[in-house]
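I opened my notebook on this one today, and here is what I looked up. Follow along with the structure on screen.

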Amino acid sequence: MAGAFNAKGDMNFLKQKFTKNVQAGEKMMGTEFEMKIEEYPNVTVLVRSTQFPAMGRADVEDFGQMGLGYIQNGALENKGEIAVTCVETITGTVLDMLREIVREKKMVTVVIESTPESTKGKGAKSHRFRLEHVKVRSDVIDLSTEDTAALVKPAITLQYNWVDF
């Protein structure tokens, strides 16, 4: 059977979509970023994954006649949390930092920004976030004698109380 009776290839349409995507320019890659903890500059190079913070406003709901609903923008949601994975060194750089922050109840400042190679590491202004009054939490850290190639990668949760976009 040949397929749906009205199916038809359209190479011109596909070429237009391809060309539009190319014309949009080089895409941002998830590997081109830097996360700095301002109080601990030596940890920057050990960050392996992180996230840009969420952006939003609270939903304010209203219901009128006939139960018809309406949603409008409420207060700015300017706090939240992100996950970070680091890699530990044999000198203990990451765990030393985590112990100090947790035991001393320190709040830190975190800057996350894109660093594209094509622009010599200077990312777009919209790709820079500064998280202030950040509470740090370390999740459990996996160790295993069965995986002889695995690195020790502390998983960290950052709870931020203010973000500058």
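Which residues form a nonpolar patch on the surface? I found M11, F13 and L14 there, with about 340 Å² of accessible area together. A reminder to myself: this is a predicted model.

**Entry: M11.** I looked at M11 next and placed it in helix α1, residues 11-23. Is M11 buried or exposed? M11 counts as exposed because its relative accessible area is 62%, and the cut-off for exposed is over 50%.

**Entry: the core.** I then turned to the largest nonpolar core, which has 25 residues. V110 and L158 touch the most other members of this core. Which elements each supply at least two of its residues? My list reads β1 (33-37), β5 (80-86), α2 (93-103), β6, β7 and β8 (155-160). As general background, nonpolar side chains tend to be buried together in soluble globular proteins.

**Entry: L158.** I checked the contacts of L158, leaving aside neighbours within four places in sequence. L158 is in contact with M35, G80, E81, I82, V84, V110, V134, K135 and V136.

**Entry: H127.** Where does H127 lie? I found H127 in the loop between β6 (108-114) and β7 (128-138). H127 is partly exposed, with a relative accessible area of 22%. Not counting residues up to four places away in sequence, H127 touches M28, F52, I112, E113 and S114. I also took one distance: H127 and L76 are 51 residues apart in sequence and 19 Å apart in space, C-alpha to C-alpha.

Key
Residues are numbered from 1 along each chain as its sequence is written. This is a predicted model: local features need pLDDT of at least 70, side-chain atom pairs count only at pLDDT 80 or more; totals for chains, interfaces and linings use all residues. Side-chain values use heavy atoms; hydrogens and water are left out. Patches are made of residues with over 30% relative accessible area and no salt bridge: like charges are joined within 9 Å, nonpolar side chains (Val, Leu, Ile, Met, Phe, Trp, Tyr) within 5 Å. Accessible areas come from the Shrake-Rupley method with a 1.4 Å probe; for residues, only the protein chains shown count as cover. A salt bridge is a side-chain nitrogen of Lys or Arg within 4 Å of a carboxyl oxygen of Asp or Glu. Helices (H or I, at least four residues) and strands (E, at least two) are DSSP runs, numbered from the N terminus. Buried means under 20% relative accessible area, exposed over 50%, partly exposed in between (1.4 Å probe, protein chains only). Contact means heavy atoms within 4.5 Å. A nonpolar core is a set of buried Ala, Val, Leu, Ile, Met, Phe, Trp, Tyr and Cys residues joined through side-chain atoms within 4.5 Å.
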